[in-house]
Amino acid sequence: MTCTIIVGGNFGDEGKGKIVSHVAHQDCPTIITRGGVGPNAGHTVMVGEKKFGVRMCPSGFVYPDARLMIGTGVLVDPRVLKQEIDVLGVKGRIFLDNRCAIIEESHIQEDKTNTHLSKKVGSTGTGCGPANRDRAMRVAKLARDIPELNEYLVDVPREVNTALDKGENVVIEGTQGFGISLYFGSYPYVTSKDTCAAQMAADNGVGPTRVDDVIVVFKAFPTRVGEGPFSTEMTSKLAHEIGIQEFGTVTGRERRIGNWDSEMARYAAMVNGCTQAAITGIDHVDPTCFGATEFSQLSKTAKDFLKQAEEDIGAPITLISTGPELSQIIDIRAEYE
């Protein structure tokens, strides 16, 4: 039995979706459940030539033998959820907690038209901030109030804890990243709730004593979408020169690119209780590493970067992504068991 939480250590877009999918295929969990804010977070998963962008469903959907769940603390937009269920073909294996709060059209309109949210903070416009406010005010509708969601409703904490009691593996996936946590991020340029591992456990009704591993995902070159401080940011011109140009999964906005931030990595690892780390984008550190699947295939430049990053994080780097496709990864977790 293992309960593994996977969260982001930068500003989101760290490549958590790929890490979740890889871990799922290797560890064979019976449940993959997500915490986090709601459909304002997008995860991109590539399997072969197919590219999937998901906002409501857990990104571990590509592992076919797990039941997929959306935790109690997550905001649900029924329209986005139903569209993804149809597109991804996951009906019959995806469920959400009956207490999830609902994003209504009025929340989306307010998010898009509120000057503070749309202009200063750089909100995604998906209605999450206003919906979380209504939940705090105890006026939000819950999933159990929406008839068309009835077939998907379960008690997620009971399902997850029962699986753990049976000795099954569970993966809890986070959304966004440490740098935009409502509590620990660069306020006010943050999302509308905490994004750390403890929050992901709480979102799914999992007590801290039941968590075995916390994998924090860091990008070799961190990125940020929207407004807010970014101490290691490079110019767009320089980013393009070194071959990095990315766009947000939800908003389509070009991501700002930065250099490795050792101080942020150390602090994020501390607050999340990181037991092991994943590094994505090592092929941007040295393009010769693209597609590598063994640690021995990495160059000295890449290995030196990883050694320094591991010292900064204070936990072993056990997963190294060498490209966007699911198979382009180095997994050395067994060396630390």
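**Close-up views of a predicted model**

**View 1. Cysteines without disulfide partners.** In this predicted model, the count of disulfides, taken as pairs of cysteine sulfur atoms within 2.5 Å, comes to zero. A disulfide is a covalent bond between the sulfur atoms of two cysteines. For Cys-3, the closest cysteine sulfur belongs to Cys-274 and lies 15 Å away, which is too far for a bond. The sulfur of Cys-57 has its closest cysteine sulfur in Cys-100, at 12 Å, again too far for a bond. Both views of these side chains show enclosed positions: Cys-3 is buried, with a relative accessible area of 0%, and Cys-57 also counts as buried, at 2% relative accessibility.

View 2. Ten strands form an open sheet with mixed pairing, in the order E7-E6-E5-E2-E8-E1-E9-E12-E13-E14. Strand E7 (153-154) and strand E14 (329-331) stand at the edges, and because each has a single partner strand, one side of each is left without a neighbour in the sheet. Helix H9, made of residues 262-272, packs on this sheet and touches strand E1 (3-8) as well as strand E9 (213-219), and the direction of H9 makes about 160 degrees with that of E9.

**View 3. Pairing of strands E2 and E8.** Strand E2, covering residues 31-34, runs parallel to strand E8, covering residues 170-173, and four bridges join the two. Within this pairing, Ile-31 stands opposite Val-170 of E8.

**View 4. Strand E13 between its two partners.** Five of the five residues of strand E13 (residues 317-321) are buried, so E13 is largely enclosed by the rest of the structure. Strand E12, residues 276-280, pairs with E13 in the parallel sense over three bridges, and here the bridge partner of Ala-278 is Leu-319 in E13. With strand E14, by contrast, E13 pairs in the antiparallel sense, likewise over three bridges, and Ser-321 has Ile-329 of E14 as its bridge partner.

**View 5. Helix H5 and the residue that follows.** In helix H5, which spans residues 128-136, the buried residues are Cys-128, Pro-130, Ala-131, Asn-132 and Asp-134. After H5 comes Arg-138, which has a positive phi, near 65 degrees.

Note on methods
Residues are numbered from 1 along each chain as its sequence is written. This is a predicted model: local features need pLDDT of at least 70, side-chain atom pairs count only at pLDDT 80 or more; totals for chains, interfaces and linings use all residues. Side-chain values use heavy atoms; hydrogens and water are left out. Two strands pair if DSSP finds at least two bridges between them. Contact means heavy atoms within 4.5 Å. Axes are lines fitted to C-alpha atoms, for helices over the stretch in contact, and angles run from 0 to 180 degrees between N-to-C directions. Buried means under 20% relative accessible area, exposed over 50%, partly exposed in between (1.4 Å probe, protein chains only).
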